[in-house]
Amino acid sequence: MPSHSLNTKFINSKQIERLCSVSQDIIYSTSDVSSITSASDIKQIKEIVRTNQWTVDHPIRKNLWETLCNQVSSECHVDIYNELVKELFGDNGDNYFPSSLPSFVDPAYCIRYYLNTDGKKSAETILQVIRHAKPDITYCPFLYPLVCVFLHYMSEEATFSCIMKLLSDKQNFISQTKSDHSASAYLVMKLCKKYAVSNFLINFKKGFAH
């Protein structure tokens, strides 16, 4: 598979190949994104991400998520991750590894996006470290799929660092409690009702709207 950015260590290349195709984009490199993020223009950043249809193996994706997360915080958590992994699981992973996922994970949201066995293990390792580093998180169903997506393009350490930046930001990019998650879902439904009526009606018929 002709891949320019995918981390083939963690993904099943054959399963994801069908998602790789040619697309026409307005933004071609992370330097283009960086020039905008440096100006802290959040609205323009959102517009860029929403209007460009980059394929899963587009070169820009290799550094895109790190670039965007660096806009949130410049703090690096790589060394912290390595220290916590060693503390929790030993130098060679000899220590006990929990058989169950952290309690903040919702099984209904455990989407791996074609990660292979190594990728799944890495995702679960990251989640266990997050559980240890952020014990105040009680419900965060989006963490599992988000970690899996990040692992398509970066290492375990970089994935953990990006997730920690998003979790630590005051803008609450990722809801971390049941009440916050419910409030976010309600807000999305309100926005759909206003700006995407057809999608709202579909969800309403499924019983998701109240």
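## First stop: a pair in helix α6

Select E124 and K120: being four residues apart in helix α6 (residues 117-133), they are separated by about one helical turn. Helices here are DSSP runs of H or I with at least four residues, strands are runs of E with at least two, and both are numbered from the N terminus. The two side chains form a salt bridge, in which the closest N and O atoms are 2.9 Å apart. A salt bridge requires a side-chain nitrogen of Lys or Arg within 4 Å of a carboxyl oxygen of Asp or Glu.

Which of the two partners is buried? E124 is buried, at 15% relative accessibility, whereas K120 is partly exposed, at 31%. Buried means under 20% relative accessible area, exposed means over 50%, and partly exposed lies in between, with a 1.4 Å probe and protein chains only. A search of the whole structure finds one salt bridge.

The model is a predicted one, in which local features need pLDDT of at least 70 and side-chain atom pairs count only at pLDDT 80 or more, while totals for chains, interfaces and linings use all residues. Residues are numbered from 1 along each chain as its sequence is written, and side-chain values use heavy atoms, with hydrogens and water left out.

## The whole chain

Now display the entire protein as a cartoon. How many helices and strands does the secondary structure contain? There are ten helices and zero strands, so that the pattern read along the sequence is α-α-α-α-α-α-α-α-α-α. Of the 210 residues, 40% count as buried.

Contacts, meaning heavy atoms within 4.5 Å, can be sorted by separation along the chain. Among contacts with a separation of 6 or more, 77% are between residues 24 or more positions apart. Accessible areas come from the Shrake-Rupley method with a 1.4 Å probe; for residues, only the protein chains shown count as cover.

D118 is partly exposed, at 46% relative accessibility. Not counting residues up to four places away in sequence, D118 touches K9 and F10. D118 and F10 are 108 residues apart along the chain, yet their C-alpha atoms are separated by 5.6 Å.

Y113 has a positive phi of about 50 degrees although it is not a glycine. For Y114, likewise a residue other than glycine, phi is positive and near 70 degrees. Y113 is partly exposed, with a relative accessible area of 37%, and Y114 is also partly exposed, at 27%.

Select K165 in helix α8 (residues 156-168). Leaving aside neighbours within four places in sequence, K165 is in contact with several residues, including C69, V72 and H77.

Next, select D57, in the loop between α3 (42-51) and α4 (61-72). D57 is buried without a salt bridge, and the nearest oppositely charged side chain, R61, is 7.2 Å away. The side chain of D57 makes a polar contact of 3.0 Å with that of T55.

## Last stop: helix α9

Finally, select Y195 in helix α9 (residues 178-195). Y195 is exposed, with a relative accessible area of 61%. Together, L187, L191 and Y195 make a nonpolar surface patch of about 350 Å². Patches are made of residues with over 30% relative accessible area and no salt bridge, like charges being joined within 9 Å and nonpolar side chains (Val, Leu, Ile, Met, Phe, Trp, Tyr) within 5 Å.

How values were computed
Lys and Arg count as positive and Asp and Glu as negative; His and the chain ends are not counted. A polar contact is a pair of N or O atoms within 3.5 Å; within protein, one must be able to donate a hydrogen and the other to accept it, and residues adjacent in sequence count only if both atoms are side-chain atoms.
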